[in-house]
Amino acid sequence: MKTTVLSALALSFVAGSASAHASLDVSKTAAETSFKFVMRVTHGCDGQATHTVRIDIPEGLVSVKPMPKAGWDVSVETGPYARSYDYHGPKSEGAKSITWTNGTLEDWQYDEFVFRGYVSDAFAPGDTVYIPVVQTCESGENAWVELPQEGQPRPAHPAPTLSIIEGAGHSH
């Protein structure tokens with residue numbers, strides 16, 4: 001089984017954990033499929049409102065596009081992929097992170113940050129993809145980036161996960 005980690009910071013969590021504070025609405029999909037990622041952020045930072053949410057995009061998720069969000073600005077950092085992927089022709093670069101800024105998510109509220117992408121052939125059934133999320137508030141942040149370590153307790157700030165399952169393959 002292979003594990004994909006998006007950044008040197010990234011550390012993540014056990015799939016399906018109910019106590020995560022940033023998580024995917026649907027956490028399973030097959031490789032070689034398009035997927036709508038709905039990232040839930042369930043609270044602010046120690047009582048403060050969240051004003052920025054950054055999602056790091058793991059290698060192997062390609063043709064990623066964010067959904068605009070009313071009241072928030074969105075930007076995409078792009079760069080080269082480690083290898084070329086085939087999705088409507090060769091793809092050798094794309095989104096590395098998506099950042100929503102200048103919004104307000106009060107501590108007592110939750111919200112969803114949406115993007116779509118293609119889950120490439122870099123993944124196989126049984127793989128776990130870790131998708132780090134950092135939410136920033138006026139004086140602090142919640143970094144949901146920790147990965148589980150064998151023989152260690154569940155991380156305090158686990159990164160959201162996507163489990164790769166058996167599927168029909170290539171879809172749009």
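A charge sits over a ring if NZ of Lys or CZ of Arg is within 6 Å of the ring centre and within 35 degrees of the ring normal. In this predicted model, lysine 69 lies over the face of phenylalanine 113, at 5.0 Å from the ring centre.

Phenylalanine 113 is itself buried, with a relative accessible area of 0%. Aromatic pairs number 6 in the structure. One of them is stacked: phenylalanine 37 and phenylalanine 115 lie 4.5 Å apart, centre to centre, with 5° between the planes. Phenylalanine 37 belongs to strand β4 (residues 33-41) and phenylalanine 115 to strand β9 (residues 111-119), so this contact ties together parts that are 78 residues apart in sequence. Phenylalanine 37 counts as buried, at 0% relative accessibility. Phenylalanine 115 is buried too, at 1%.

Phenylalanine 113 also has an aromatic partner, tryptophan 72. Their ring centres are 5.2 Å apart and their planes stand at 85°, so the pair is edge-to-face. Tryptophan 72 lies in the loop between β6 and β7 (73-86), while phenylalanine 113 is in strand β9, so the pair ties together parts that are 41 residues apart in sequence. The tryptophan 72 side of the pair is buried, at 10% relative accessibility.

Ring pairs also build a cluster. Its members are Phe35, Phe37 and Phe115.

A further buried residue sits in a loop. Isoleucine 57 is found between β5 (50-56) and β6 (61-66). Its relative accessibility is 2%, so isoleucine 57 counts as buried. Isoleucine 57 and glycine 117 are 60 residues apart in sequence. In space, the C-alpha atoms of isoleucine 57 and glycine 117 are 9.7 Å apart.

Notes
Residues numbered from 1 in each chain as written. Predicted model: local features only at pLDDT ≥ 70, side-chain atom pairs only at ≥ 80, totals over all residues. Heavy atoms only, no water. Helix = DSSP H or I, 4+ residues; strand = E, 2+ residues; numbered from the N terminus. Buried < 20%, exposed > 50% of the residue type's maximum accessible area, 1.4 Å probe, protein only. Phe/Tyr/Trp six-rings, centres within 6.5 Å; stacked < 30°, edge-to-face > 60°.
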